[in-house]
Amino acid sequence: MILRDAVRVLVSNWDGSYTVPSRRLYPHQWSWDSAFIAIGNARWSPRRARTELLSLFGAQWYDGRVPHIVFNPRVPEDAYFPSSDFWRAAAPSGARTSGIVQPPVHALAAWKTYQAEPDQAFLRRIYPRLVAQQDFLRDQRRSAEGLISIVHPWESGMDNSPAWDLPLAAVQATATGFVRRDLQTVSADERPTDRDYVQYVELAQAYRESGYREPGAFHVEDPLFNAAYGLAESTLATIAQELGLDPEPHHREAEAVTAAMVAHLFDGKLFQPRDMHSGTLIHSSSAAGLTPLMLPGLPPEVADALIGTAIDRFGLNDMPLPSYALDAPEFDPARYWRGPSWVNVSWLLWQGLRERRPDLARTLADAMMRSVSLSGFREYFNPLTLRGHGCRDFSWSAALVLDIVA
Ligand code: 9YW
């Protein structure tokens, strides 16, 4: 029953060559959503999963960046803010896009799509595009220590995480003349605040004015983004091997970024973001800091410490994973990325636990299943009550459940 409902959500959100995250709230194509959606679609329609990924990479820029939104020209400009008129950007294909990126979880999605149905032509087409996506991050976002930075909270995928409160404190909040559209669908107390939005607009405008090249007032290294980047390199090694190409450069890069993360972002218990302006760690309690468990080369003692933190502070033993630690003063069980449980971050941690701790992976999967069984495929869930929040019929919630039960 739940599986049939999950497929129904994905079918109703399909737009011909990709899937919208949500019909009303997010009516365009989103980058990391498409990766998660492909992972779920691969379970019942690998062809649809391939189409989803290839359509996203069809909007890749010359510099290799995969924009975080690809706009549907048939959807009215005022259906979503910020619209394509705000970003004023286009891909070589002519598609109108945003100019920022999201965590690069796409190599994993491509590999899982291939595993579901080994189509060599697909793998050969997507591989150079995935490599170019990583090249962009190396060329424009890599620090001397080998870590990748982001220039906007939207790039983390976890927009209003309390981890960004400190770096955002330095961002002015003066942008005016825009109308939020999200509050027409979801109640204001479950979304970012107006002040957050003013700062998001401010930062996006500044990046746009620099031709989408220069980091501005918000410039941080995020553990989830770097874990995704490192996992992408290990996955690219596997893909290269499958295609008869040299996997070694990918292996080396995966090892290098894993070592750099442990050296510079690990505080002994949790991975932390680092502020590039001050050069210091942002001491916070985000579930993003647990996701480096996905990295195959993570030293066992680091993995053990993360698992201990997940049990002690994120309730890993008996509840859905909160996006922010339960004991942190900023924890808010219903407001977006400040505490609610999200299926995608839970799924990433589940990936990291499957081989290391299959018992905990099962517990986490059960908790996710309980949330969707009780509340449906909502965007996020109160981890304490399992009550659903945000939009309904949210694509990645449906897609990743299909993968978990497969
Ligand atoms: C917004 C589409 C996107 C996700 C992000 C999430 C949210 C857009 O929705 O951002 O308007 O708030 O934070 O991770 O990709 O699902």
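A search of the whole structure turns up six cavities of 30 Å³ or more. By cavity I mean, on a 1 Å grid over the protein atoms alone, a set of points where a 1.4 Å probe fits but cannot get out. Grid points are joined across faces, edges and corners, and a volume is the space filled by probe spheres set on the points.

Before going on, the ground rules. This is a predicted model, in which local features need pLDDT of at least 70 and side-chain atom pairs count only at pLDDT 80 or more, while totals for chains, interfaces and linings use all residues. Residues are numbered from 1 along each chain as its sequence is written, and side-chain values use heavy atoms, with hydrogens and water left out.

The largest cavity has a volume of about 240 Å³. It is lined by 21 residues, and Y26, W30, Q102, D159 and Y336 are the closest to its centre; lining residues have an atom within 4 Å of a point. By class, that lining has 14 nonpolar, three polar and four charged residues. For these classes, Ala, Val, Leu, Ile, Met, Phe, Trp, Tyr, Cys and Pro count as nonpolar, Asp, Glu, Lys and Arg as charged, and the others, Gly among them, as polar.

Where does the ligand sit? In the largest cavity, meaning that more than half of its atoms lie within 2 Å of the cavity's grid points. The ligand is surrounded by 15 residues, the closest being D33, Y80, G157, D159 and Y336; each has a heavy atom within 4 Å of the ligand. This shell divides into ten nonpolar, two polar and three charged residues.

Now the polar contacts, that is, pairs of N or O atoms within 3.5 Å. A polar side-chain atom of Y80 is 2.4 Å from an oxygen atom of the ligand. For the side chain of Y336, an N or O atom lies 2.6 Å from a ligand oxygen, and for the side chain of D159 the distance is 2.9 Å. Taken alone, the ligand exposes 380 Å², and the protein buries 98% of that, by the Shrake-Rupley method with a 1.4 Å probe.

The second largest cavity holds about 80 Å³ of space. Of its 15 lining residues, A163, W164, D222, S286 and A288 are the closest to the centre. The lining comprises eight nonpolar, six polar and one charged residues.

Next, pockets: a pocket is an open set with protein on both sides within 12 Å along at least five of seven lines. The largest pocket has about 610 Å³ of space. L231, S234, M294, L295 and P296 lie nearest its centre, out of 22 lining residues. Which helices each supply at least two residues of that lining? They are α5 (106-116), α10 (223-242), α11 (248-264) and α13 (343-354). Helices are DSSP runs of H or I with at least four residues, strands are runs of E with at least two, and both are numbered from the N terminus. The lining has eight nonpolar, nine polar and five charged residues.

Last, two backbone details. Most residues other than glycine have a negative phi, and most peptide bonds are trans. F81 and P82 are joined by a cis peptide bond, with omega about 0°, and P82 is in the loop between β2 (69-70) and α4. Y212, not a glycine, has a positive phi of about 55°; Y212 is in the loop between α9 and β6 (220-221).

Terms used
Polar contact = N/O pair within 3.5 Å; in protein donor to acceptor, adjacent residues only side chain to side chain.
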